[in-house]
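Welcome, and thanks for taking a look at this one with us. Here is a short tour that you can follow with the viewer open.

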Amino acid sequence: VCEANEHVRTLEQLVHEADQALYRAKHGGRNRVVRAGGGEARQSGPAGLVVVGSGIDFGRHASERCLSEIREAEVVLCLVNPMALAMICSLRPDAINLGLHYAPGKDRRETYREIDERIMTEVRAGKRVCAVFYGHPGVFADVPHVVVRKARAEGIPARMEPGISAEACLYADLGLDPGRRGVQSMEATQFMVYDRQLDSASLVLLWQVALAGDLSCTRLHAERDGLTALVDKLLRWYAPEHEVILYEAAWLPIEKPRIERLALRDLPEAKYAEYTTLVIPPRGELRWDSTIAAPQARATQVSPAATH
């Protein structure tokens with residue numbers, strides 16, 4: 001049973017409260033009535049916010065800590081891929097899909113503000129809230145950091161649990177060790193519009209390459225002009241024929257990751273998903289800094305990455 005009141009004002013909130021009551025009734029046994037917002041709510045832990053990462057392939061990547069937080073929270077809010085959302089809903093049918101705040105042509109910054117407010121509304125209501133984000137919740141994700149800071153500033157306990165990121169999958173799938181040459185990792189549009197300098201002797205990762213050059217934050221597809229401009233800038237450091245990789249991590253155990261190798265000049269003709277990553281392997285060899293490197297190090301060619 002659920003009714004609208006000063007705490008439940010919208011239809012979405014009303015349906016959510018009713019879903020939570022139904023969920024508690026289901027797990028409490030047959031032939032019972034549960035009142036939304038009543039004393040039957042979960043009492044498994046203190047109020048506050050925990051942000052967890054779903055990993056990329058939820059079935060393989062979700063940690064026991066992540067699953068425990070999802071099960072024990074009063075409110076679960078999710079911004080994850082469709083496969084992960086389906087699995088989370090099998091654990092928590094009352095989970096709230098934050099992806100519904102996105103819309104074609106809508107400024108993503110507005111969407112982020114709405115998601116921020118949706119999470120904080122539950123947190124400020126004194127509930128135990130679990131927010132689940134795709135991959136690692138603290139990597140290329142502004143909202144998780146924002147809500148954790150806000151909650152802490154208001155004296156509400158808040159923490160973030162790490163998850164397996166697309167970058168972690170990339171190193172495993174491509175057999176790359178960032179410790180060998182170092183790595184530069186940045187968002188593609190940031191690289192384009194700011195005076196960022198690349199170290200071509202290191203591994204370079206450019207994220208959300210399909211959205212390169214989109215300053216409106218409304219586009220969710222690749223455009224040739226933006227990709228051409230990206231290639232033009234990369235030609236400052238690399239030859240047109242330099243081999244690059246388009247990478248997409250697998251969402252399911254039965255899938256294979258996308259690992260497409262092509263010449264840098266061919267990037268505008270390729271196909272992209274919103275989450276495609278551009279991997280640029282190192283060019284040339286590392287050069288010793290004669291003013292710093294010790295002679296014995298040059299003689300032995302010891303790699304600084306050989307730590308274990």
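Which residues of the largest nonpolar core touch the most other members? They are Phe191, Leu206, Leu230, Leu234, Leu267 and Leu278, out of 25 residues in that core. A nonpolar core here is a set of buried Ala, Val, Leu, Ile, Met, Phe, Trp, Tyr and Cys residues joined through side-chain atoms within 4.5 Å, and buried means under 20% relative accessible area with a 1.4 Å probe, counting protein chains only (exposed is over 50%, partly exposed in between).

Please keep in mind that this is a predicted model: local features need pLDDT of at least 70, side-chain atom pairs count only at pLDDT 80 or more, and totals for chains, interfaces and linings use all residues. Residues are numbered from 1 along each chain as its sequence is written, and side-chain values use heavy atoms, with hydrogens and water left out.

**The chain as a whole**

- The secondary structure comes to eleven helices and ten strands; helices (H or I, at least four residues) and strands (E, at least two) are DSSP runs numbered from the N terminus.
- Of the 308 residues in the chain, 46% are buried.
- Contact means heavy atoms within 4.5 Å; among contacts between residues at least 6 apart in sequence, 64% join residues at least 24 apart.

- A second, separate core of 20 residues includes Leu77, Ile96, Ile119 and Ala158.
- As background, nonpolar side chains tend to be buried together in soluble globular proteins.

**The parallel sheet**

- Five strands form an open sheet in the order β3-β2-β4-β1-β5, with parallel pairing; two strands pair if DSSP finds at least two bridges between them.
- Its edge strands, each pairing on one side only, are β3 (96-97) and β5 (158-160).
- Strand β1 (residues 48-53) runs parallel to β5 and is joined to it by three bridges; Val51 has Met160 in β5 as its bridge partner.
- Helix α3 (residues 64-72) packs on this sheet and touches β1, β2 (75-79), β4 (128-133) and β5, its direction making about 135° with that of β4. Such angles run from 0 to 180 degrees between N-to-C directions, with axes fitted to C-alpha atoms, for helices over the stretch in contact.

**The mixed sheet**

- Another five strands form an open sheet in the order β6-β7-β10-β8-β9, and here the pairing is mixed.
- The edge strands are β6 (183-187) and β9 (258-263), each pairing on one side only.
- β7 and β10 run antiparallel and are joined by three bridges, and Leu206 stands opposite Leu278 in β10.
- α7 packs on this sheet, touching β6, β7, β8, β9 and β10, and its direction makes about 135° with that of β7.
- Leaving out residues up to four places away in sequence, Leu206 touches Met186, Ala188, Phe191, Leu230, Leu234, Thr277, Leu278 and Ile280.

- In α7 (residues 166-174), the buried residues include Glu167, Cys169, Leu170, Tyr171 and Leu174.
- Just after α7, Gly175 takes a positive phi of about 65°.
- Thr189 is found in α9 (residues 188-193) and is buried, with a relative accessible area of 7%.
- Beyond its neighbours within four places in sequence, Thr189 is in contact with Leu211, Ala212, Gly213, Asp214 and Leu215.
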